[in-house]
Amino acid sequence: MEGAAESCRAVLNATHAINDHPLLISQLVRMAAQAISLAAIERTLGQGVVSEPALAQLQALVEREASANPLYHGMRGELAAGEQMVRSLKNGKVKLSGLSGGPSGLDHVVDLFPGMLLNGYPEHLRHLRDTVRASKLTDAEQMEAFKQHEEKMRQTKNHLSRLMMPAMLKVAE
């Protein structure tokens with residue numbers, strides 16, 4: 001069982017390596033790895049006895065992960081990426097069609113009207129900042145803040161915010 005406990009510690013340490021990576025997708029991977037780690041620990045403890053020192057090490061690692069806030073790191077990263085994207089669009093370093101992921105046949109038309117996205121960006125930035133603030137709250141407060149934010153988002157005419165919000169709410173759950 002000691003070898004299994006050591007493997008569980010290794011998975012938890014690998015999970016922690018993603019600690020403050022500033023992308024939401026990275027933090028989603030971290031949350032999934034945390035769930036896998038906990039399942040492995042439960043299975044290990046359910047199948048046998050682990051020494052007190054090994055158990056104490058596992059407990060310390062689990063507490064470290066439990067105290068982390070991956071949602072906060074991810075939301076901050078999304079905010080920073082959004083700001084960088086808008087700067088790149090404004091400076092002409094990136095075309096709006098380049099953000100779509102592939103040719104659509106209407107790329108040249110989209111590139112003629114970058115204001116479609118940029119005009120709504122200040123509101124979108126406020127929404128992103130609200131999500132960062134909400135991600136700092138306790139779990140119960142966080143869910144309430146995200147529910148209130150979702151109601152605001154349903155009423156916005158900002159296309160960018162409306163596109164992004166369902167994914168952010170899903171992550172917050």
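Which hand does the crossing of H1 and H2 have, left or right? The crossing of H1 and H2 is left-handed, that is, the near helix is turned anticlockwise from the far one by less than a right angle. This is a predicted model, in which local features need pLDDT of at least 70, side-chain atom pairs count only at pLDDT 80 or more, and totals for chains, interfaces and linings use all residues. Residues are numbered from 1 along each chain as its sequence is written, and side-chain values use heavy atoms, with hydrogens and water left out.

Helices here are DSSP runs (H or I, at least four residues), numbered from the N terminus. Helix H1 covers residues 2-16, and its axis comes within 9 Å of that of H2, crossing at roughly 170°. Axes are lines fitted to C-alpha atoms over the stretch in contact, and angles run from 0 to 180 degrees between N-to-C directions. H1 and H2 are therefore roughly antiparallel, a label for angles over 145 degrees. Residues of H1 in contact (heavy atoms within 4.5 Å) with H2 include Ala4, Cys8 and Leu12.

Glutamine 27 lies in helix H2, residues 24-47. Glutamine 27 counts as buried because its relative accessibility is 0%; buried means under 20% relative accessible area (1.4 Å probe, protein chains only). Its side chain reaches the backbone oxygen of histidine 21 at 2.7 Å. Beyond residues up to four places away in sequence, glutamine 27 touches several others, among them Ile18, Pro70 and His73.

The axes of helix H4 (residues 70-90) and helix H7 (residues 121-135) come within 8 Å and cross at roughly 165°. H4 and H7 are therefore also roughly antiparallel to each other.

Key. Helices (H or I, at least four residues) and strands (E, at least two) are DSSP runs, numbered from the N terminus. Angles under 35 degrees count as roughly parallel, over 145 as roughly antiparallel, 65 to 115 as roughly perpendicular and the rest as oblique. Buried means under 20% relative accessible area, exposed over 50%, partly exposed in between (1.4 Å probe, protein chains only). A polar contact is a pair of N or O atoms within 3.5 Å; within protein, one must be able to donate a hydrogen and the other to accept it, and residues adjacent in sequence count only if both atoms are side-chain atoms.
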